Amino acid sequence: MERRRINLALQGGGAHGAFTWGVLDRLLEEEWLDIAAITGTSAGALNGAALHAGLAAAQGRNGRRAARENLRHIWSEVGQVSDSRVVRWLHSMFPVPRSFERLTELFSPVAWLDNMTRLFSPYDYGPFYSNPLRAILRTMPYPEFGAHCETRIFVNATNVRTGQARVFMDREVTVDAVLASACLPTIYRAIKINDPVTGQLEEYWDGGYSGNPSLWPLYHPDLPRDIVVVNINPMRREDVPHSPGEIADRVNEISFNSALLSELRAINFVKRLHDEKRLEGKVMKNVLLHMIMDDTLMNDLSARSKMLPNPGMLERMFNAGRGSADRFIEQHADDLNQRDSVDMSALFPRRVSLG
């Protein structure tokens with residue numbers, strides 16, 4: 001197979017991020033596929049940073065194997081910070097129907113946690129507060145965050161004070177930057193990081209509020225045109241939610257997809273300008289867009305299941321991710337560096353003429 005270079009854009013979504021783990025695990029098996037850059041948010045930032053650290057630490061020494069080890073470590077450890085043995089056992093019985101999954105959620109400490117976060121903030125815990133993700137990241141087999149690597153890395157977080165996105169780039173991607181990107185404010189205290197532009201110590205929340213993930217860093221002229229988005233938030237749900245839980249789930253999904261959809265709409269607009277020859281002689285990248293997703297699976301899950309990182313759920317997500325990546329390679333490997341594999345006209349039907 002001819003070598004192809006791509007950029008990866010990794011969405012956030014809690015325990016569903018194990019789907020991306022499976023996708024990356026499968027893509028790393030393809031020696032012909034070079035990853036030029038990674039942008040990630042929240043769980044996507046964890047996956048991206050683990051991937052990048054492995055590639056950086058083991059350059060010339062089987063970086064792909066090192067990256068896979070890092071990813072497995074993260075999700076194995078996340079699975080240990082899980083809920084009750086009963087729920088683990090129930091979720092290990094595959095397949096899990098949506099109605100049965102919702103029943104198990106009622107008995108999970110996650111349901112209790114959801115209620116508690118409405119009454120208490122992480123700042124109320126005093127000396128008992130801890131962020132378990134910090135130890136998980138620091139104990140990776142190859143914890144070389146921010147190390148020099150041919151693959152570029154971008155991590156998105158949200159500035160609490162301004163509400164704007166901050167994209168940490170390359171050497172700026174420290175453990176704190178990744179924790180900031182994955183900082184759900186109802187569970188974790190904001191992460192404090194110095195901003196070299198303002199000179200202030202700023203506090204950051206989850207990057208999903210401002211970019212899930214941010215695509216614009218991948219428009220750099222030195223990077224390939226191809227952006228492969230790994231989606232873990234369903235783009236569509238045909239059924240209108242009615243129950244309070246279903247409504248909350250859909251609001252969560254729409255909120256965390258809105259920034260990505262805005263960027264995709266901008267890409268689509270630029271592509272139309274290119275098609276109409278309006279950008280001749282102008283420097284504006286004509287991105288080739290691809291997506292790896294399993295909307296059928298994600299539609300069968302609730303947004304609250306993102307808070308259920310039990311081994312059964314994580315294994316299901318991992319296997320689904322590997323399967324989706326396998327289908328993508330089989331169906332679209334030849335599209336890479338040549339053409340889009342996403343039908344942008346179906347994603348954004350043209351209703352208003354540009355001219």
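Q: Which helix supplies the largest share of the lining of the second largest pocket?
A: A pocket is an open set of points on a 1 Å grid over the protein atoms alone, with protein on both sides within 12 Å along at least five of seven lines; lining residues have an atom within 4 Å of a point. Here the largest share, five residues, comes from α11. Helices (H or I, at least four residues) and strands (E, at least two) are DSSP runs, numbered from the N terminus. This is a predicted model, in which local features need pLDDT of at least 70 and side-chain atom pairs count only at pLDDT 80 or more, whereas totals for chains, interfaces and linings use all residues. Residues are numbered from 1 along each chain as its sequence is written, and side-chain values use heavy atoms, with hydrogens and water left out.

Q: What else describes the second largest pocket, such as its volume and the residues nearest its centre?
A: The volume is about 500 Å³, meaning the space filled by probe spheres set on grid points joined across faces, edges and corners. Of the 19 lining residues, Met235, Met291, Met293, Val342 and Leu347 lie nearest the centre. At least two lining residues come from each of α9 (244–275), β8 (288–292), α11 (311–332) and α12 (344–347).

Q: How many residues of each class line this second largest pocket?
A: Ala, Val, Leu, Ile, Met, Phe, Trp, Tyr, Cys and Pro count as nonpolar, Asp, Glu, Lys and Arg as charged, and the others, Gly among them, as polar. The lining has 10 nonpolar, four polar and five charged residues.

Q: Which residues line the largest cavity?
A: In a cavity, a 1.4 Å probe fits but cannot get out. The whole structure has one cavity of 30 Å³ or more, and the largest has a volume of about 40 Å³. Ile6, Leu27, Trp32, Leu33, Val228, Phe328, Ile329, Ala333 and Leu336 line this cavity; by class, nine are nonpolar, none polar and none charged.

Q: At what angle do α1 and α11 pack?
A: Two packed helices are described by the angle between their axes and the distance between the axes. For α1 and α11 the angle is about 45 degrees, and the axes are 6 Å apart. Axes are lines fitted to C-alpha atoms, for helices over the stretch in contact, and angles run from 0 to 180 degrees between N-to-C directions. The two helices are therefore oblique to each other (under 35 degrees is roughly parallel, over 145 roughly antiparallel, 65 to 115 roughly perpendicular, the rest oblique).

Q: Is α1 mostly covered or uncovered?
A: Buried means under 20% relative accessible area (1.4 Å probe, protein chains only). Helix α1 (residues 17–27) is mostly covered, with 11 of its 11 residues buried, including Phe19, Trp21 and Leu27.

How values were computed: Buried means under 20% relative accessible area, exposed over 50%, partly exposed in between (1.4 Å probe, protein chains only).
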